[in-house]
Amino acid sequence: MQAFSKLPALALLFAFSISHTAVADTQATTLATYQKDAEKTGVIFNLPQWEKSPAQIQATTETAIFVGNERLKAIAGRKPEQMTFANTIAALDHAYYPVVAATYRTNTIHKTSPEKALREAAYEATKKLQKWLIDASFRQDVYQAVKTVADTNPAVSGEDAMYLKTVLRDYRRNGMELPEAKRQQLQKLKNHLNTLGLEFQTNITKANAIVEFSRKELEGLSDDFLTNKEILGEDDSYRVNANITWQTLEILRNAKREETRKRLSIARSSRAMKENTPLFTEILKTRAQIARLLGYDNWADYRIETKMAKNGKTARDFLQNLSSGLAPKFEQELATFTRLKAAETGKDEAKLYYWDIPYYKNQLKKNRYQIDTEKLKVFFELENTLSGMFSIFEELFGIKIQSVEAPYKWVDDLRLYTVTDASSNAPLGLIYMDMFPREGKYNHFAQFGITPGKRLQNGKYQRPVVALVCNFPPPANGKPSLLAYDHVETLFHEFGHALHSVLTQANYMEFSGTGVPRDFVEAPSQMLENWVRNKQVLDRFAVDYRDGKSKIPAETLDKIEAARLATIGTHYRRQLGFGLLDLTIHMTTDEGIFNNFIEVTNKIMSETYVPVPENTAFVASFGHLGGGYDAGYYGYAWADAISADMASVFKKAPRGLMDKKVGLRLRNEIYAVGGSREIDESIRSFLQREPSLEPFFEFIGLKKK
């Protein structure tokens, strides 16, 4: 998952953080060589000076706001004849930079710090900084300066022209041509929405979702799970955290007792329900008010206008058509799962429930395809998997990835890697990796930006820093961290976001790295999941850690692919359910729907997928919709169609998925340019042809009609 938006939407999960001025006083000696190479190539390659106390967080906030105000004051204070594109419009990117940087850093602290006091201080700082960003975007004096220059039709081209277009578009979408009273109302609503979104996300992270089980109730779970000290409680009881994804999936996929799966599923679907139900109603109403003030029919049309789909109807039609196309396959799969349940329970009239799907999917893999997901884990020891993934991307993209010691660690097992160009040794970026779950930490998988790439006013380039925040199973019981097969897909996916960020060459912060339309941003990362399905690629690193030589048999990978296609209907109908309910509640201004969003969303999910547990509200803990992917979840399926098309280019290349020529084209035409040109142009430049849906239909086992 990726979080990225440069201005008011900074409450998102993946934000970029650090000003180039916030450099650590003492760099680690292991970074000295990279610093010298950075100087030679005219780039800044620094780690952030992390705030370590609430007082430091407060000082950073105040300083960032002061600098931001001074820079905006300079833009607005020039006489009209002194205003140029460079000192007025391009200068906006520079003016916002210190506040955006501080916001990203405080957001990362809020999501990752083990210290509650720091998390709380960072949360308050993030709210304050984001309020400044919203208020600054409403400054009439700055807007008038921008308009003065824009009205001269400055002779700009390339990325500068794209930035001018984007700035004017965003001011229009911010209501700057509205009467003053409406602008003030809009500003107030946007600040209110931002605060609500932050609170919504925080309630999910803080949710208490512990479910206790006896050993008997966990029949079917592996010994590794049952002896894990994080789960094993006193008196042989087990405390499973429904707020931690890997623990939840282990239970839902393997627990033989239906009541166990049901209890955990209900707990998972009820997280933050009490706190977030009234909050989300208010969020929906506020979004609708903003959309109406700006002249849009609904929030979805407002949000999607800047994306590839352009409007809510196009996005919804895409999802509905895909849902209809998958209907026969979906029904066949449900029938198969129902037969499996009938056979296992001895009940001919067995009924399939929401909490049954993961379990019987796993049983199908075991029984029909002889795939034991537990036994596959021995091939994916974490350290070996990381090393193998790095070597693959090094070869493919012409880079080097090397481990260095982080001068400051917010947790002892934090990792840090440098990324450099293999041919020139030019430093490209730094990647933190925070691998394991803990109390108070963001509980899913995502890339968080820490330093956005940007061409500074002195001509030097600030190279990016990012963090992968993960929640993989930690080492336990004398065994290393062993990843499930889908965890490896997730690792390749999230590292793809990191590469998208650190390989950027965009001049403006606005366009750097993943600063692309949200319904495209997942495509490059989803594409990289294909590498985990390829025998030649896996043989480079997927070996049994116990003997260091046994590899996954080709027939096993064939069975994994067959099982994927045999369950693709249920996979996508679930995703489409999320997308359709998201659009439904955002393609309306009906307060009746907002007040009853639980009933509405549960009904859509139940009709598109399978009936959800009664008296639950999974949307209350659906972090995507709290801010960032609102009216945008359709983008996962949309991006899947693009990613399949992109992957087909590799598959047809002379060296397949390891074709360096195609890899460098991906780096140059997608990663490097970011959002600095129209995304359709970038896609065509990589494909070297017009886009096609045929690879996607093949990927999901459908023929185009």
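1. Salt bridges first: a search of the whole structure, which is a predicted model, turns up 42 of them. A few are worth a look while you have the structure open.

2. Glutamate 395 pairs with arginine 540, with the closest N and O atoms 3.0 Å apart. This pair joins distant parts of the chain, 145 residues apart: glutamate 395 sits in helix H16 (residues 382-397), while arginine 540 lies in the loop between helix H20 (535-538) and helix H21 (554-566). Both ends count as partly exposed, glutamate 395 at 22% relative accessibility and arginine 540 at 37%.

3. Arginine 546 and aspartate 544 form another salt bridge, and here the closest N and O atoms are 2.8 Å apart.

4. In the salt bridge between arginine 677 and glutamate 681, the closest N and O atoms are 3.9 Å apart. Arginine 677 is buried because its relative accessible area of 19% falls under the 20% cut-off. Glutamate 681 is partly exposed, at 43%.

5. There is also a network to trace: salt bridges link Glu258, Arg261, Lys341 and Asp356.

6. Now to the nonpolar side. The largest nonpolar core has 183 residues, and those with the most contacts inside it are Leu92, Phe380, Met433, Phe495, Phe520, Trp531 and Met646. Another core, of 29 residues, lies apart from it and includes Ala38, Leu118, Ala406 and Ala467.

Conventions: Residues numbered from 1 in each chain as written. Predicted model: local features only at pLDDT ≥ 70, side-chain atom pairs only at ≥ 80, totals over all residues. Heavy atoms only, no water. Core = buried A, V, L, I, M, F, W, Y, C linked by side-chain atoms within 4.5 Å. Buried < 20%, exposed > 50% of the residue type's maximum accessible area, 1.4 Å probe, protein only. Salt bridge = Lys/Arg side-chain N within 4 Å of Asp/Glu carboxyl O. Helix = DSSP H or I, 4+ residues; strand = E, 2+ residues; numbered from the N terminus.
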